[in-house]
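Which parts are covered, and how do the rings meet?

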Amino acid sequence: MSKLEKKYYPLVFVVPALIIFTLFYVCSIAGGFVFSFTNCSIYNFESPEFIGLENFKDLFASQSFLPALGHTFSFAVITTVIKVGLGLVFALLLNRAFKGRDFFRAIIFLPCTIGALVIGYVFTFILQPDTGVLNEFLRGIGLGGLALNWLGDPKIVLFTVCAVESWMWIGFNTAIILAGLQSISTDVYEAARLDGASAWQTTRHITLPLVTPSINTTITLCVIGGFNIFDIVMSMTNGGPNGATQVISKLSYDAMRIGTMGYASAINLIQFLLIVIVISPLLGILRRREPDI
């Protein structure tokens, strides 16, 4: 193989992936951006008209936008706290040596390998108010007062969906943090032990600072995932009851379902900008928390 062939040989593997990425990602984003300023729909798809900011005006004037925005923010915050917090706890526990550790690692990771729609439909049956497994169990052990209408009460349904979403992805966050824990050299712990550091001091001053990059990664992924939430809401509540779990992605879906693609693209663009506005300062804050190693 000549030097020229060696130089361009890697392009054989890069170019096909780059073409696919450009066609299905870059072009889609560009097309969505353009559509958001038009009245594009299934009725005039071949000849949409430029209407400027009308889609955005209609969106901000909609009675469903602000509640959906609030639900999306709440969902992102609640699920991030639960998934990262419990992910850290489980990672610390599963990093210890004990019998059956690999089994428990597999069990806690298992839910995130199942489709969100499947989990949503399964939990819909589990959380039925009259015949659901959870309420039947609570009544069976004498805690019938805790048997609630988990998916029908607007006051608690958002927390119910957050709990199911968190249960599904805790294992994924645990795996990321656990990988960070296992990358810490045992020499560091040995030096701390020789200095007489207690288990709590070791965890606080060595483990947590050194695993901060992994924690920051999970926080970032959870926040982005929270703002993009759709599938679990769609499968469990469809945005109800009475819009109590309506989120921005569901608004975009509803607009797309009736064929108003320009309006749906405007919603997606606002959603993208919101993620950028939240994530940009968050990344700066998280990076400042990382130790200099």
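The text begins with a helix and then turns to the ring pairs.

This is a predicted model, in which local features need pLDDT of at least 70, side-chain atom pairs count only at pLDDT 80 or more, and totals for chains, interfaces and linings use all residues. Residues are numbered from 1 along each chain as its sequence is written, and side-chain values use heavy atoms, with hydrogens and water left out.

Helices here are DSSP runs of H or I with at least four residues, numbered from the N terminus. Buried means under 20% relative accessible area, exposed over 50%, and partly exposed in between, using a 1.4 Å probe and protein chains only. Among the buried residues of H13 are Ile 248, Leu 251 and Ala 255. The buried residues pack against helices H4, H11, H12 and H14, where contact means heavy atoms within 4.5 Å. Just after H13, Gly 259 takes a positive phi of about 90°.

Now to the rings. Rings of Phe, Tyr and Trp (its six-membered ring) pair if their centres lie within 6.5 Å; planes under 30 degrees apart count as stacked, over 60 as edge-to-face and the rest as tilted. The count comes to 11 aromatic pairs. Phe 37 and Phe 56 have ring centres 5.4 Å apart and planes at 50°, so this pair is tilted. Phe 37 lies in the loop between helix H2 and helix H3, and Phe 56 in helix H3, 19 residues apart. Phe 56 is buried, with a relative accessible area of 9%.

The ring centres of Phe 73 and Phe 227 are 5.0 Å apart with planes at 85°, so that pair is edge-to-face. Phe 73 is in helix H4 and Phe 227 in helix H11, 154 residues apart.

How values were computed:
Helix = DSSP H or I, 4+ residues; strand = E, 2+ residues; numbered from the N terminus.
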